[in-house]
Amino acid sequence: MWRKVKLDEICTKITDGSHNPPKQIEHSDFIMLSSKNVFDDEINFDKPRYLTEEDFIKENRRTDVQVGDVLLTIVGTIGRCAIVENLVQRFTLQRSVAVLKPVHDLVLPRFLMYTLHNMIDELTQGARGVAQKGIYLKSLKKLSLSLPPVPVQKQIVEKLDAAFADIDRAITATQKNIENAEAFFKCILQKYFASPKEDWLKGNIGDFCTLKSGHTLKPKYELDKGELPYLKVAD
């Protein structure tokens, strides 16, 4: 039977990283990560903050990241969630990431991760702040979620893992198809333009076209809705 629980009822600890990160050094074996290192079901170690061993030990008392912990981004980009699968590289965290330590007899880490993924709208709406919105730990701990028995969690996780694996394969295949199409298109262009014929005209682009440029509008002139579209480079 599914039941409603608060997040702090199924975790032994919910905390966030350092609010005042120590000064970084050029390089070391002791690192601190932030929300820019946490993605959906993925943790990367690109451009971490390197710490002295002394600073790392001090900061790590707060988070003490372990295998099976769930990381959740709670400042800036909110709602990205991943599981600590291994600790080949030990790390501590900045304030932008929360560490959830689930009670494994009550909730599977991957089920908790998927549940939080599904609640991203609720998490975002609960964020507070002016310059940069964030979720306060007090609110996070009282987050209400639906929890089935562990055997049911396991079934759901297996189905979701399989579904996302299929999606990843489809994305890879699509990217490969795009690469093949681009290569074919380039080949066709080269076929027709690499060796111009003797009767082709040659000149500057201005000889064959009237050239005009657009204008950069000030933001105050842009509207969310309207009848006249204004296109930018990104369009």
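Guide: Start with a term. A nonpolar core is a set of buried Ala, Val, Leu, Ile, Met, Phe, Trp, Tyr and Cys residues joined through side-chain atoms within 4.5 Å. Buried means under 20% relative accessible area, exposed means over 50%, and partly exposed lies in between (1.4 Å probe, protein chains only). The model is predicted: local features need pLDDT of at least 70, side-chain atom pairs count only at pLDDT 80 or more, and totals for chains, interfaces and linings use all residues. Residues are numbered from 1 along each chain as its sequence is written, and side-chain values use heavy atoms, with hydrogens and water left out.

Now the core itself. The largest one has 30 residues. Leu7, Ile10, Leu100, Leu112 and Leu140 touch the most other members. Several elements each supply at least two residues: β2 (11–16), β7 (70–73), β8 (81–83), β10 (97–102), α2 (109–118), α4 (137–141) and β11 (144–147). Helices (H or I, at least four residues) and strands (E, at least two) are DSSP runs, numbered from the N terminus. The largest share, five residues, comes from α2.

Look at Ile10. Contact means heavy atoms within 4.5 Å. Leaving aside neighbours within four places in sequence, Ile10 is in contact with Val5, Lys101, Pro102, Val103, Leu106, Val107, Leu112, Leu145 and Leu147. There is also a second, separate core. That one has 13 residues, including Val38, Leu71, Ala82 and Val99.

Next, Asn60. This residue lies in helix α1 (residues 53–63). Asn60 counts as buried because its relative accessible area is 9%. Not counting residues up to four places away in sequence, Asn60 touches Val65, Arg90, Phe91 and Thr92.

Turn to strand β6 (residues 49–51), where Tyr50 is found. Tyr50 touches Lys23, Gln24, Ile25, Glu26, His27, Ser28, Phe30 and Ile31, again not counting residues up to four places away in sequence. Tyr50 and Ala234 are 184 residues apart in sequence. Their C-alpha atoms are 36 Å apart in space.

Finish with Ile188, in helix α5 (residues 150–193). At 31% relative accessibility, Ile188 counts as partly exposed. Cys187 has a relative accessible area of 47%, so this residue is partly exposed. Cys209, at 40%, is partly exposed as well. A disulfide is a pair of cysteine sulfur atoms within 2.5 Å. By this rule the count of disulfides is zero.
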